[in-house]
Amino acid sequence: MTQSISLRLRGVSKFYGQVQALKPLDLEVAPGELLSLLGPSGCGKTTTLRIIAGFETPDRGDVLLGDRDVTDLPPNQRDLGMMFQNYGLFPHMSVVDNVAFGLRMRGMGRDARRRRALEMLDTVRLVDFADRMIGQMSGGQQQRVALARALVTDPKLLLLDEPLGALDKNLREQMQFELRETQKRLGITTILVTHDQEEALTMSDRIAVMRGGEVMQIGSPTEIYARPRSRFVSEFLGSSNLFEVAGRTAGGIRLALNGAVVPALAPTGATGPVAVRPERLALGPAGTGTLDGTLADAVFRGSYVTCEVMLPGRETPVIVQAAAGTALPPPGSSVALIWPEDGAVVLEDA
Ligand SMILES: Nc1ncnc2c1ncn2[C@@H]1O[C@H](COP(=O)(O)OP(=O)(O)OP(=O)(O)O)[C@@H](O)[C@H]1O
């Protein structure tokens, strides 16, 4: 069992020539926590991870592992386990030799190496495959070998860069669960880089949503999903319907569209539109809700139905996600949008 350790970045920034890959960044990761760095291509996720690993030196700021300032230490002195998308396993070596490789580099004796590698293979439920060649293992199994190899040196910090990117959807979901389970069991502090919002939502204790070299918002998956602060975050994680706001009253938020007053969480200083998740809206008979419109389309998606509702005075359809089996009138019918009692939030930006 690893003694869990905290990770701290203080004012870390990085330029590549004229490109500011990272604006001064502060980040605290608690012992045993899994923090995801989530964002679109080029937002600075990999740069952040490479600085934490020691492959890259920040222009300014420091990196602390526990109380130790590791900013100037090379990667092999930082007590890290790492796992990347193309696992970097040696195809001509057996499973157990792949896992033991890092121990050999540290000068551990042959028998001790094998014993320790088998222990790790047991953790990822592959001990029966120890003497197979890597090429005889499936994608999911290779991913588990890579995890065992990352953990075999008993690192204090686990760094995962799109670790499941090579797997297809079903296997990927299963491995997300397994990886998270192992990480929790070992209590190892972990940074996960991903551009996959579902992966971040299912695996993380907290998510840092990044854009343009900055953390836009950081919080638990439920917090970030239910209370996005900006339009970018509300649209990057899931989707949102945005409504312009005309003002605030004691009873709630006045919508610009028809002046209706609706309940919404309104943080002080939030002057942007109000965002509502499609699954928080419902449809009812015309005249019974907040806004009347026309049901333009309804698409069956298996476990739910995606409805598009056109409102007078609004160009973009409002998206409503109704449970499968909901009785819907035919397209072209008048319907009412039923606003949620909670679940709408005023954003900070336009
Ligand atoms: N070695 C480099 N030289 C010059 N510019 C770089 C270098 N590495 C990264 N950048 C730039 O820094 C910015 C951040 O890149 P980074 O790789 O951290 O993004 P990312 O979020 O990991 O993207 P992706 O999801 O595509 O990997 C980008 O604008 C990128 O083009």
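**The sheet and its surroundings**

Modeller: This is a predicted model. Six strands make an open sheet with mixed pairing, and their order is E6-E7-E8-E3-E9-E10.

Biologist: Which strands stand at the edges?

Modeller: Strand E6 (80-84) and strand E10 (214-219) do; each has a single partner strand, so one side of each is left without a neighbour in the sheet. The twist averages 15° from one strand to the next.

Biologist: In which sense do E3 and E9 pair?

Modeller: The sense is parallel, over four bridges, between strand E3 (residues 34-38) and strand E9 (residues 206-211). Within that pair, Ser-36 stands opposite Ile-207 in E9.

Biologist: Now the ligand. Which residues are around it?

Modeller: The residues around the ligand are Tyr-16, Val-19, Ala-21, Gly-39, Ser-41, Gly-42, Cys-43, Gly-44, Lys-45, Thr-46, Thr-47 and His-195.

Biologist: What is the shell like by class?

Modeller: The shell around the ligand has seven polar, four nonpolar and one charged residues.

Biologist: And which element gives the most to the shell?

Modeller: Helix H1 does, with three residues. Strand E2 (19-29) and helix H1 (45-53) each supply at least two residues of the shell.

Biologist: Let us step back to the whole chain. How many helices and strands does the secondary structure come to?

Modeller: The count is eight helices and 21 strands. The C-alpha trace spans about 80 × 45 × 35 Å along its principal axes.

Biologist: What share of the residues is buried?

Modeller: Of the 350 residues in the chain, 35% are buried. As for contacts between residues at least 6 apart in sequence, 65% of them join residues at least 24 apart.

Biologist: Which members of the largest nonpolar core touch the most other members?

Modeller: Val-99, Leu-121, Ala-148, Ile-191 and Val-209 do, in a core of 59 residues. Helix H4 (residues 139-151) gives the most to this core, with six residues. There is also a second, separate core of 25 residues, which includes Ile-253, Ala-264, Val-276 and Val-318.

Biologist: Take Val-99, then. Where is Val-99 found, and is Val-99 buried or exposed?

Modeller: Val-99 is found in helix H2 (residues 95-105). The residue is buried, because 30 other C-beta atoms lie within 10 Å, and the cut-off for burial is 20 or more.

Biologist: What is Val-99 in contact with, leaving aside its neighbours within four places in sequence?

Modeller: On that basis, the contacts of Val-99 are Ala-117, Met-120, Leu-121, Val-145, Ala-148, Arg-149 and Val-152. By the same criterion, Leu-121 is in contact with Val-95, Val-96, Val-99, Leu-126, Val-127, Ala-130 and Ala-148. Ser-138 is 39 residues from Val-99 along the chain, and their C-alpha atoms are separated by 16 Å.

Biologist: On to backbone angles. What is phi of Asp-79?

Modeller: Phi of Asp-79 is near 65°, a positive value in a residue other than glycine. Asp-79 lies in the loop between strand E5 (68-69) and E6. With 18 other C-beta atoms within 10 Å, Asp-79 is partly exposed.

Biologist: And what about phi of Arg-125?

Modeller: Phi of Arg-125 is near 60°, again a positive value in a residue other than glycine. Arg-125 has its place in the loop between helix H3 (110-123) and H4.

Biologist: Why does Arg-125 count as partly exposed?

Modeller: Because Arg-125 has 13 C-beta neighbours inside 10 Å; a residue counts as exposed at 12 or fewer and as buried at 20 or more.

Biologist: One last topic, the hairpins. What joins E12 to E13?

Modeller: A hairpin joins them through two residues. Strand E12 (residues 245-249) and strand E13 (residues 252-255) pair in the antiparallel sense over four bridges, and Gly-247 stands opposite Arg-254 in E13.

Biologist: How many residues lie between E13 and E14?

Modeller: Five residues lie between them in a hairpin, and Gly-259 in the turn has a positive phi of about 80°. E13 pairs with strand E14 (residues 261-262) in the antiparallel sense over two bridges. The bridge partner of Ile-253 in E14 is Val-262, and Ile-253 is also one of the residues in the second core.

Methods. Residues are numbered from 1 along each chain as its sequence is written. This is a predicted model: local features need pLDDT of at least 70, side-chain atom pairs count only at pLDDT 80 or more; totals for chains, interfaces and linings use all residues. A residue is near a molecule or strand if its C-beta atom, placed from the backbone, lies within 6 Å of it. Ala, Val, Leu, Ile, Met, Phe, Trp, Tyr, Cys and Pro count as nonpolar, Asp, Glu, Lys and Arg as charged, and the others, Gly among them, as polar. Two strands pair if DSSP finds at least two bridges between them. Axes are lines fitted to C-alpha atoms, for helices over the stretch in contact, and angles run from 0 to 180 degrees between N-to-C directions. Two residues are in contact if their C-beta atoms, placed from the backbone, lie within 7 Å. A nonpolar core is a set of buried Ala, Val, Leu, Ile, Met, Phe, Trp, Tyr and Cys residues joined through C-beta atoms within 7 Å.
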